[in-house]
Amino acid sequence: MERQVIQSVGFRNIAENGKITGFQFKIRLPYYRGVFLSQLRPGTLTVDGETFGKDEIVWNFCSEDYTWEEMTTNYDQHWAVTKPATLKVKKEGGLKQGFHDLTYGFCFTSSYMPPVIQDHLDPDSENMVFMPEFGHHVNSRRLLIV
Amino acid sequence: MYRYDKKGPKRGVALYSYSAEFGLTKNLEECFEDVHDMGAHGIEILANTHIENYPYPSDEWVENWWRLCDKYDIVPVEYGNWIDSHVMGGRDLTTEESVAMLSRDIRLAHRLGFTVMRTKMPVINDKLEPVLNWREIIKGALPLAEKLNMKMCPEIHIPSNLKGEMVTNFVDFIRETGTKNFGLNIDFSVFRTNFSKGEWVDPNYEANKPEDIIPLLPYIYCCHAKFINMSDDFEETTIPYPEIIKVMQENGWDGYLLSEYEGADKYEEGYEVGQTLRKQHIMLKNLLGD
């Protein structure tokens, strides 16, 4: 597992029935502890200037797909810090061969932290006080599609 | 299982200290071996971090856990868990649902050989006071905790004060229920006297003197030996360790001091937290004799 939140391993187009229908990438949880899915606050993905909202991104843990809505009530499935999650995006034709700039924002709740921090969680911008054991909300990486 | 029969304060390591490395450059076995290198035995784990496939580890993983404890003379002391009744955004968990979550962790802690839990609850204000139904949640789990010989302990941490309202409320609960399965974990940051120039300090914070811990000792089942800055002469420059340990030894306290390094610099490229932990353990070994 790489130290960067957006992993280089796992970035590729997705084919279904012989056609490219989208792409996927993997992210690790940069927190010092794992979270239950209902704690997640998925944000916006930007690829080469094109944005995808949370409605357009499916999260996959342990081979099971979850929409962001399904995750909001799931406090049984746990996301471990040692296992990257796969995020899948529908896009006809997928991403072209070559370089792509990805920026993705997400965060999570930590209810033992004071309300002054918890009440202002925004997946697409950083916390007012950065604590490395919580990681950054927004991460970017430049990766290649073959 | 390794038994460490020493009476009095004993040293160990909270594996949270390895947060910047765990899963990247250190795995669980390497953390265990690091603790063993220091001649220390006690550990704290974080349930949501160090248990593979939490909250449902496989039997194979658990058997390997025990094998690793034996191999490195590790004593599982404290299991860090969260009773997160605010786990969903839409509604709070009911008391019953919270008790179910806590009970699951009590069983898992017991299965892995732990005897103390560092139990964190959601907070409702910036003074870090816990959710209003904390007493009902804990009472709901006490019979199971008693059956499995588990002591659930919220952690008392800067900016809380040992003589403050939050600790008093916990002690009142212990006295009213007479329970031996709920107590306190004291993080030594409550004794911190020195801060760097320009470092932000909570205006409500007042440092405790080492003797302030004495009336609480019967309820303290584990401590976090917090450290902020170890000099190369193996002294902690911000917290009066020799005085604290002397008070605990003289008053017959028996339990583990689990060293914990929270410093943000452990995430910096090239920082070696194992070396910082070793400095603290040289200090602790010299103060404790072992």
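For the 146 residues of chain A, a compact globule would have a radius near 15 Å, and chain A agrees because its own radius is 15 Å. The model is predicted: local features need pLDDT of at least 70, side-chain atom pairs count only at pLDDT 80 or more, and totals for chains, interfaces and linings use all residues. Residues are numbered from 1 along each chain as its sequence is written, while chains are lettered from A and ligands numbered from 1 in the order in which they are written.

Along its principal axes, chain A occupies a box of roughly 50 × 30 × 25 Å, judged by C-alpha atoms. Its secondary structure consists of two helices and 11 strands, where helices (H or I, at least four residues) and strands (E, at least two) are DSSP runs numbered from the N terminus. The order from the N terminus is β-β-β-β-β-β-β-α-β-β-β-α-β.

Of the residues in chain A, 29% are buried, meaning that 20 or more other C-beta atoms, placed from the backbone, lie within 10 Å of a residue's own.

In chain B, helix 4 (residues 95–111) has 17 residues and spans 24 Å from first to last C-alpha, close to the 24 Å expected from 1.5 Å times one less than its number of residues. Its buried residues include V99(B), L102(B) and I106(B). G113(B), with a positive phi near 90°, follows helix 4 of chain B.

How values were computed: Rg over C-alpha atoms; globule rule 2.2 N^0.38 Å. Buried ≥ 20, exposed ≤ 12 C-beta atoms within 10 Å, placed from the backbone.
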